[in-house]
Amino acid sequence: MPGERPVVVAGAWERHGVCGYDLMGKRLWQDRSRTNVQAVTAVADGRVVVTHLRRATRVLDAASGEEVRSLRGALQVFAVRADMTLVVGSDWCRLLNGSLDPLGSRVGTSGGGLVSAATDGEHLAVAEVGGPLRIVDPDGRERARVADHFRHVLHDPVTKTWVAVHETIEGKNSLLRFSHDGEVLERRPWDRVGGTATMRGGRTLVLITTEGVQVVNCADWGVRGLEAT
């Protein structure tokens with residue numbers, strides 16, 4: 001995590017709990033009580049959110065490991081922007097601001113969990129496990145629904161469109177560009193995708209494919225590869 005003293009926070013399933021390390025690998029703190037960790041997500045103001053199996057979701061100060069607050073009912077957490085976080089419950093999701101206070105109302109989900117989420121600061125795009133992908137207005141009204149399976153979704157601030165990695169039942173992938181109303185503006189077949197990440201505030205999409213790591217410019221879908229060293 002960025003800050004005056006960058007910290008890497010990692011969580012374990014059993015013995016090691018949650019630990020904070022500096023960039024040289026020196027352990028700065030350890031909390032062995034926080035086991036059964038499912039995910040550690042960096043959010044605003046030097047904090048991390050730790051989700052557990054069958055335990056309340058906790059917010060920790062990354063530099064010290066001290067608990068700041070809990071997010072009860074949250075089963076998943078997505079850092080959708082530097083100043084916004086999406087929390088997902090059993091059958092709902094909700095945007096939080098940089099202070100982790102609610103923005104707007106809860107949005108209902110099917111209850112199967114989300115694979116990806118993104119926001120442009122107002123609208124929210126959520127891709128549920130097995131589909132669909134939905135775009136929701138600031139008032140919680142569903143604006144568009146695409147009944148397919150998507151691996152990843154992001155908002156490109158340059159073109160002001162949504163970019164998503166689509167996956168068929170056969171495992172074939174493609175990139176799709178959507179409008180706010182769910183209209184497909186562009187589609188391009190892609191190599192089989194094994195992993196994804198959003199960078200530079202939605203300007204860049206990183207794909208792990210059968211051809212290696214590919215870095216995609218979301219505005220024009222220009223691609224460059226990363227060579228192994």
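This is a predicted model: local features need pLDDT of at least 70, side-chain atom pairs count only at pLDDT 80 or more; totals for chains, interfaces and linings use all residues.

Which secondary structure elements does the protein contain? It has 23 strands and zero helices. Its radius of gyration is 18 Å, close to the 17 Å that the globule rule gives for 229 residues, so the protein is as compact as a globular protein of that length. Along the principal axes, the C-alpha atoms fill a box of roughly 50 × 45 × 35 Å.

As for the interior, 45% of the 229 residues count as buried. Among contacts with a separation of 6 or more, 31% are between residues 24 or more positions apart. The accessible surface comes to about 11900 Å², and carbon and sulfur atoms account for 48% of that area. Regarding charge, there are 29 positive and 28 negative side chains, with the centres of the two sets 5 Å apart.

Let me now consider Asn173, which belongs to strand 18, spanning residues 173–178. Is Asn173 buried or exposed? Its relative accessibility is 6%, and because buried means under 20%, Asn173 counts as buried. The side chain of this residue reaches the backbone oxygen of His166 at 3.2 Å. Leaving out residues up to four places away in sequence, Asn173 touches Arg151, Val165, His166 and Glu167, and also Pro189, Trp190, Asp191, Arg192 and Val193.

The second residue is His155, located in strand 16, which covers residues 150–156. With a relative accessibility of 12%, His155 also falls under the 20% limit and therefore counts as buried. Not counting residues up to four places away in sequence, the residues that His155 touches include Ala118, Thr119 and Asp120, as well as Trp162, His180, Gly201 and Gly202.

Which backbone oxygen lies 2.9 Å from a polar atom of the Gln76 side chain? That oxygen belongs to Leu114. Leu114 is also one of the residues in contact with Gln76 when neighbours within four places in sequence are set aside; the others are Leu86, Val87, Val88 and Gly113. Finally, Gln76 and Thr51 are 25 residues apart along the chain, while their C-alpha atoms are separated by 6.9 Å.

Thank you for your attention.

Conventions: Residues are numbered from 1 along each chain as its sequence is written. Side-chain values use heavy atoms; hydrogens and water are left out. Helices (H or I, at least four residues) and strands (E, at least two) are DSSP runs, numbered from the N terminus. Buried means under 20% relative accessible area, exposed over 50%, partly exposed in between (1.4 Å probe, protein chains only). A polar contact is a pair of N or O atoms within 3.5 Å; within protein, one must be able to donate a hydrogen and the other to accept it, and residues adjacent in sequence count only if both atoms are side-chain atoms. Contact means heavy atoms within 4.5 Å. The radius of gyration is taken over C-alpha atoms; the globule rule is 2.2 Å times the number of residues to the power 0.38. Accessible areas come from the Shrake-Rupley method with a 1.4 Å probe; for residues, only the protein chains shown count as cover. Lys and Arg count as positive and Asp and Glu as negative; His and the chain ends are not counted. The place of a charge is taken as NZ of Lys, CZ of Arg, CG of Asp or CD of Glu.
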